[in-house]
Number of protein chains: 2
Amino acid sequence: MMKIQPASTHQKGKVVKNLTLSALALSISAPALAIECETPSGVPQHHLLAANSDTVHWGYFSKEVEPQIAVQSGDFVTIETLTHHANDDASRMIEGDAGAESVFKWEKGDKGVNRRGAGPVDASILGRGAGEGFGVHVLTGPIYVCGAEPGDILEVKILDMTPRPSQNPEYAGKTFGSNAAAWWGFHYNDLIEEPKPREVITIYEMDATGATNWAQAVYKYNWVPQTDPDGVLHETIDYPGVPVDHSTIEKDMNVLEGVRIPVRPHFGTMGVAPAEADFVDTVPPGYFGGNIDNWRIGKGGTMYYPIAVEGALLSAGDPHAAQGDSELAGTAIETSYTGVVQVILHKKDELADTVMEGLDFPLLETDSEYVVHGFSYANYLEELGESAQSDIYSQSSIDKAMRDAFRKMRTFLMTTKGLSEDEAISLMSVAADFGVTQVVDGNWGVHGVIEKGIFPAK
Amino acid sequence: MMKIQPASTHQKGKVVKNLTLSALALSISAPALAIECETPSGVPQHHLLAANSDTVHWGYFSKEVEPQIAVQSGDFVTIETLTHHANDDASRMIEGDAGAESVFKWEKGDKGVNRRGAGPVDASILGRGAGEGFGVHVLTGPIYVCGAEPGDILEVKILDMTPRPSQNPEYAGKTFGSNAAAWWGFHYNDLIEEPKPREVITIYEMDATGATNWAQAVYKYNWVPQTDPDGVLHETIDYPGVPVDHSTIEKDMNVLEGVRIPVRPHFGTMGVAPAEADFVDTVPPGYFGGNIDNWRIGKGGTMYYPIAVEGALLSAGDPHAAQGDSELAGTAIETSYTGVVQVILHKKDELADTVMEGLDFPLLETDSEYVVHGFSYANYLEELGESAQSDIYSQSSIDKAMRDAFRKMRTFLMTTKGLSEDEAISLMSVAADFGVTQVVDGNWGVHGVIEKGIFPAK
């Protein structure tokens, strides 16, 4: 296993060797992308993209965000990603970690990253803060893939994921994550015990060395209204990165005693920039990937994304130590991780007779399975029109996502395996497993899984 | 592996040793159960319950059906079960098999098993045939469990499942199954290719010795209207056991070439008699179990059923060689199997501090997991009132089933693991997997899976 140390200084994305980076300041108002692609050397390069206030964008995918690095097809990237829940326990998840400190910095009128979400920077809608929290995930990137054009497919191989150790000496050797049972959870209006409703944060810990493969709960607390450094009161978890004042909360240390949660490290959110809007809320997933929240998108997995804009603009974040299918209460064990990925560009005229032929959704390939991702709306940005980014939250259902997953699996089997419709349908009924990916991300998800080994070698 | 031979003669249920059987003729009009329970010997007995026209009931669960055998808690039963799709290819699945021949016998005015379904015997509603096909599964049993009363729990350990070999010498050493992509499938009104709509039967074959662990398709055909021996025309697959005249169909031998389907033998339908109605359609599953169609209910699995009537009245059928989560097209690889089960009665006052405490739904325990079964309606017979058995077909959704599965998993964790609601909800979000059991059985299903190994030893 590769050992990744978090950035020890506040650094921008850098290339380990053969730097192909244009050192750009993040400027979301930039009218055009200023990235430069050098002539490929023919030898894959390995880039380091650290996470800090300059290299992340918070709460949105955007074709307008300037890339942090440019890579050639075949290059490797070590990419640091930070959980947007780190401020649920800053002592364990931020303190002493220069990259995280730069991102989560928030003093009156001075945030390390101001805009959080696809909403207006002046917070004129709800007054929560810049970006309004319409989108919550800290994303590292984007990565500009040289030569990528709309219609191409971006393959992203996840070669490794390692937890980001706490930099607080008090917690040396440990990594922490937060699980929020929040107002957007499936359970929230269906509680038994008082007080109702309530939001609950549970902090989990793991061994940072990877010596154990499980997480255990440390303590939990009920969310109580928090006033952010700019004076805005957050009655609920309605804006990402609000510092939780631990003098205001009551910790319950008696939580899930002896229970060991199997870790399943994965990127909750990874994807390319959509074409339909300039700023797209990170919460609802779509054809471009994004917040799919499938725990299978971890080490050993390969994602295939349809590219919608020049350069693809790959970003990753929302790292999870563990999540169950459905992500029932709204979040996973939200934990900072560093990934190693390889990025491979497939041009549109080279897709025939591959698993990417005709692909118009994010496909996962693991060692043993293909996984198609269905959503309530395959492309909600297009299907729901002008008000798509708000309407999607009221129009989702698992039934619709199952319909989409069925259609995608059928097309996948017919296109890439040469089956007739009847063959595909019979095969699905007897051998494909459909599961509930998530019911908490606006555009709800159902995934369909088919084993690779059932097909004859071509 | 135990080798089970199908009944070589038309025999009733019998006990291999220490016979405790009351030899009863199946008489659905019997006003009372005539079963007799002998004094337990203290030594578990092993019974054989063969499948034939006397030992099966077709298309319904019923508290009015006379039991085939009576067993004591702890007894073992070898139970033969027949697929109701055997007549899709009688040559491979019925011919030469005396038990199956007795069940599927159908000459004008003379059926081996007349009533098929919970509907009226005179077929006065739709004229399809006795029972109207409101319920389709051939169930072997019921088994009367001595001492069982409402409020108790019946544990059924599935110790083995072996395929029923074809008795046609032409197919020696092989077992066959049928997959019907039928009008009740999730795909049916959402087809791409012509003709639309259409029903398609795909016949699969397996090695009957268990030497291989996969199935492969043999041929397929489109359903064409079939006239049954009583002169009723079946435009679609609307009545179970209609003999398919193979001179009327066109076989396509070019189907899923080289594709090997992993076998997952299981009982699609197993359960106890419900209390709410005298005759209950086998298709929608419920608190009593029934047609759950979860492929995990196979060898090594243990089911726990809430008992609703005296004697429990356990029946099993609808055996499947393989099925995917969702059972998308309406059926699995419907294949006759023989099971070996152990039946254990747990009295209501002995459930505290066990996984059965407070149990009001069918729970599955495997070597490594607990699996809760959610349905669109936890108890549709009660919730939907007088017209429940018809209304259930128009009111199902995966969203509702997910809600039910969430609530059941929460209760299960709180009751049997002593967790608070907040602990249960956090644990579910990070470690429980919810999947789509089936979207084709009227009362749609979502199952929730939690690993047993995560909990501390008590």
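Okay, one term before we start: a residue counts as buried when its relative accessible area is under 20%. Keep that in mind, and keep in mind that this is a predicted model.

So, helix α6 of chain B, residues 421–431. It's mostly covered, with 11 of its 11 residues buried.

What does it lie across? It lies across β11, β12, β13 and β16 of chain B, and it runs at about 55 degrees to β12(B).

Those strands make up an open sheet of 4 in chain B, ordered β11-β12-β13-β16, with antiparallel pairing. At the edges you've got β11 (174–181) and β16 (261–262), each pairing on one side only. Inside the sheet, β12 (200–207) and β13 (214–222) of chain B are joined by 6 bridges.

Next, the α5 helices, residues 398–417 in chain A and in chain B. Their axes come within 7 Å and cross at roughly 115 degrees. Which residues meet there? From α5(A) we have A:I398, A:D399 and A:M402, and they meet B:I398, B:D399 and B:M402 of α5(B). By class, that contact has 4 nonpolar residues, 2 charged ones and no polar ones.

Chain A is assigned domain 1 (9–164 + 263–347), domain 2 (169–261) and domain 3 (369–454). Taken over C-alpha atoms, the centres of domain 2 and domain 3 of chain A are 32 Å apart.

Conventions. Residues are numbered from 1 along each chain as its sequence is written. Chains are lettered from A and ligands numbered from 1 in the order in which they are written. This is a predicted model: local features need pLDDT of at least 70, side-chain atom pairs count only at pLDDT 80 or more; totals for chains, interfaces and linings use all residues. Side-chain values use heavy atoms; hydrogens and water are left out. Buried means under 20% relative accessible area, exposed over 50%, partly exposed in between (1.4 Å probe, protein chains only). Helices (H or I, at least four residues) and strands (E, at least two) are DSSP runs, numbered from the N terminus. Domain bounds come from an automatic or database domain assignment. Two strands pair if DSSP finds at least two bridges between them. Contact means heavy atoms within 4.5 Å. Axes are lines fitted to C-alpha atoms, for helices over the stretch in contact, and angles run from 0 to 180 degrees between N-to-C directions. Ala, Val, Leu, Ile, Met, Phe, Trp, Tyr, Cys and Pro count as nonpolar, Asp, Glu, Lys and Arg as charged, and the others, Gly among them, as polar.
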